[in-house]
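Colleague: Could we go through this model together? I have some questions for you.
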Amino acid sequence: MYRPTTEEIQKVKGMGFLIDKTTMCHFNGRVLTVNGRVTAKTLSVIAEAAEKFGNGYAAMTTRQTIEIQHIPYENILPLVKFLAQHGLEIGGTGPK
């Protein structure tokens, strides 16, 4: 299993992905919402993305985002592109 370098971890953190500390080989990405509200269509897109690019799980965060979990490093850019096609974006980890 590929373990990302420190530089790769920092690069994708700036994109909104945090290292999954339970594995140190996967990331969690926060899908931005408007005040925590999403449509049923948006939920289905996020569910599809979670299955396709992560481990099939998503979680609500205290920052009113939906976090797709357990994303391998090589799936990050394809996930970002997939979400962008549906008008969604990853973010929410702050400026650093």
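Colleague: What covers the buried residues of α3?
Modeller: The cover includes α1 (6-13), β1 (17-19), β2 (26-31), α2 (40-53) and β4 (66-72). Contact here means heavy atoms within 4.5 Å. Helices (H or I, at least four residues) and strands (E, at least two) are DSSP runs, numbered from the N terminus. Please note that this is a predicted model: local features need pLDDT of at least 70, side-chain atom pairs count only at pLDDT 80 or more, and totals for chains, interfaces and linings use all residues. Residues are numbered from 1 along each chain as its sequence is written, and side-chain values use heavy atoms, with hydrogens and water left out.
Colleague: Which residues of α3 are buried?
Modeller: In α3 (residues 76-85), I76, L79, F82 and L83 are buried, buried being under 20% relative accessible area and exposed over 50%, with partly exposed in between (1.4 Å probe, protein chains only). Seen down the axis of α3, they fall within an arc of 125°, so they line one face of the helix. The arc is that of the directions from the helix axis to the C-beta atoms.
Colleague: And which exposed residues does the face turned away carry?
Modeller: That face of α3 carries K81 and Q85.
Colleague: Turning to E8, how far away is the nearest side chain of opposite charge?
Modeller: That side chain, K11, is 7.3 Å away, and E8 is buried without a salt bridge, which requires a side-chain nitrogen of Lys or Arg within 4 Å of a carboxyl oxygen of Asp or Glu.
Colleague: Which backbone nitrogen does the E8 side chain reach?
Modeller: The side chain of E8 reaches that of T5, at 2.8 Å.

Technical notes: Lys and Arg count as positive and Asp and Glu as negative; His and the chain ends are not counted. A polar contact is a pair of N or O atoms within 3.5 Å; within protein, one must be able to donate a hydrogen and the other to accept it, and residues adjacent in sequence count only if both atoms are side-chain atoms.
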